[in-house]
Amino acid sequence: MTVLRRRSNLLTVAMLVFLLYSFFPLFWLFISSTKTTGDLFSTFGLWFGHRFALISNIRLALTYSHGEYLRWLLNTLIYSVTSAVGAACLATFSGYGFAKYTFAGRNALLAAVLGTIMVPVTALAIPTYFLFSKVGLVDTPWAVILPSLVSPFGFFLMWVYARDAVNDSIMDAARIDGAGEMAIFFRVSLRSLAPGFVTVVLFTLVATWNNYFLPLIMLSDSKYFPITVGLSVWESETAGGGGSNSALTSMVVTGAMLSVIPLIVAFIFLQRYWQSGLSAGAVKE
Amino acid sequence: MSRPANQVLGSRLAAGSPPPASSAPQRGRRRVRARRGRYGYVFALPFLACFALLFVLPLGYALYRSLFKTQLVGGTVFAGLANYTQALTDGQFLAGVSRVALFFVMQVPLMLVLALVAALAIDSGLLRLARLTRLGIFIPYAVPGVVAALMWGYLYGPDFGPAAQLAAKLHVTAPDFLGRTLMLPSIANIVTWEFTGYNMIVLYAALRTVPRELYEAAAVDGAGPWRIAWRIKVPALRPALLLTLMFSVIGSFQLFTEPDLLQSVAPTVIGPSYTPNLYAYSLAFTSQEPDYAAAVSFLLGLVTVIISYAVLYGASRRSRR
């Protein structure tokens, strides 16, 4: 061989197949959201039907039952943004404290928190429900937000990140200039912590946005539902169970299609942050 | 950089020589550090308080609650470990645990190998459209499990799933994806679809931190891209792979969303104890046995933690050999 091949066709084709696998359900979802329920059942799934009903489907999804869909979407936004920013603030503030200060009991506390990374959050959901029902928090937005604020993995990520990204000598220089520890955190260190902070925001946001088990347990009033629980209710109303309302299937499909757009758009614009912060956590054992 | 001072201290400790008697400025520095240590508590407190209230307390409450039994006659009485002995001989619970264990064995290796191959391919520089591939494979992670299950449920379905439509055109019977035998593989496919991209990003992020000079040195020594991937990159990915493996243990043993959604399309296949989490849910909210539900939740959490540690321990032993 005289020419050094820089690209591999085999690998490219293999990855294109993978891409196809990732996209085809979403493609199906989009196509289906443009169909009337009749076309949904009678025309081929991977291409458009006789009528292009996207607009009327969207209108139906957004106005059905006094516009509950929009309310659920708004709830999801509120829950996930509050939880994500709250969890990231807690993780950053305390992860930094553990990384940059020496205090009695630090290592024991650190071991206690890191030891719980493997405790599944879902295992806590049912006991948390019983506790919350004692103090009247069940069936309020707080029941979804509060448990999402504590992320041992987010804490771990920020601890590692703060250890590596915040420069001790800059902190010392600020001290010599007479800055207090809080001022150092807010004015000096926070800038270096920002990429890690954004990463924790992102993965808590996705986790809360996509969460189903916790809100399903905690909420019974449909005005507090996030979109996941709402869609699941719609689905069980149309399919299986009663099956009485299968005329609304195209509305469920359209609701599902609309619900994935915000996060996909966010992913496209924020993709570089996933990498920068995750790499810190992923290289440490 | 404050490296030199640390290195001096390090070499002194290594040499075993006693530190010089503390002089006045050093004592002063120690006092400063102690005062500064108080700020450590200030910083640590918010997270630790929330952690205690929202993580440790529910865990403790589950344990406490699981030691009681509520009866129609006599109310709530202390029952010791009765709930646990009941769970360990409860056929429904055990069947659920072995089902998710089978799921773990079946789905996780496939997903992680796919994620690893994709991460290596994107990192190799041999790929056309690498950026698009990376983003595209990651996109399903943005789709909520509820929507993924709903979507695939329709795709699998006999009514308007493309597979069923194609089979009808060809006058053959489509495989019954939502039947008893194929249900678990069908769920495995949904989970693989959702999470391969996430795992790929974790692995890819770790790959980017491997010093490029290592590859250049290997290439100079005549190693091709495949050899570099297998001999340098995969070993460098060990910590990241363990991380993804750990999260996969949790994901498998806590399986809930996908089977819960598919329940409405296949109620005869997915019963209320199909997975342990579904079982705990139905115990707590359908059959009103909160104490037993607490025991099942706690036991399931324990099983998950034990298996995570077993996986980590097994992996670290194998690498030492």
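Analyst: In chain A, the residues Ile170(A), Met171(A), Ala174(A) and Arg175(A) of H8(A) meet Ile184(A), Val188(A) and Ser189(A) of H9(A). By class, this contact of H8(A) with H9(A) is made of five nonpolar residues, one polar residue and one charged residue. The model is a predicted one, and what follows is read from it.

Helix H8 of chain A covers residues 168-176, and helix H9 of chain A covers residues 181-210. Their axes come within 11 Å of each other and cross at roughly 135°. Because angles over 145 degrees count as roughly antiparallel and those from 65 to 115 as roughly perpendicular, the angle here makes H8(A) oblique to H9(A). The crossing of H8(A) past H9(A) is right-handed.

Is Phe153(A) buried or exposed? Phe153(A) has 22 other C-beta atoms within 10 Å, and a residue with 20 or more counts as buried, so Phe153(A) is buried. Phe153(A) can also be placed relative to Met118(A): the two are 35 residues apart in sequence, and their C-alpha atoms are 8.9 Å apart in space.

Further out is the partner chain. Contacts between the chains involve 79 residues of chain A and 85 residues of chain B. On the chain A side, helix H12 (residues 249-283) gives the largest share, with 14 residues. That side of chain A has 51 nonpolar, 21 polar and seven charged residues.

Chain B itself has 14 helices and two strands. Of its 321 residues, 42% count as buried. Among the contacts in chain B with a separation of 6 or more, 69% are between residues 24 or more positions apart.

The strands of chain B are E1, residues 68-71, and E2, residues 75-78; they run antiparallel and are joined by four bridges. Within this pairing, Lys69(B) stands opposite Val77(B) in E2(B). The two strands form a hairpin with three residues between them, where Gly74(B) takes a positive phi near 100°.

Notes: Residues are numbered from 1 along each chain as its sequence is written. Chains are lettered from A and ligands numbered from 1 in the order in which they are written. This is a predicted model: local features need pLDDT of at least 70, side-chain atom pairs count only at pLDDT 80 or more; totals for chains, interfaces and linings use all residues. Two residues are in contact if their C-beta atoms, placed from the backbone, lie within 7 Å. Ala, Val, Leu, Ile, Met, Phe, Trp, Tyr, Cys and Pro count as nonpolar, Asp, Glu, Lys and Arg as charged, and the others, Gly among them, as polar. A residue is buried if 20 or more other C-beta atoms lie within 10 Å of its own, exposed if 12 or fewer, and partly exposed in between; C-beta atoms are placed from the backbone. Axes are lines fitted to C-alpha atoms, for helices over the stretch in contact, and angles run from 0 to 180 degrees between N-to-C directions. Angles under 35 degrees count as roughly parallel, over 145 as roughly antiparallel, 65 to 115 as roughly perpendicular and the rest as oblique. A crossing is left-handed if the near helix is turned anticlockwise from the far one by less than a right angle, and right-handed if clockwise. Two strands pair if DSSP finds at least two bridges between them.
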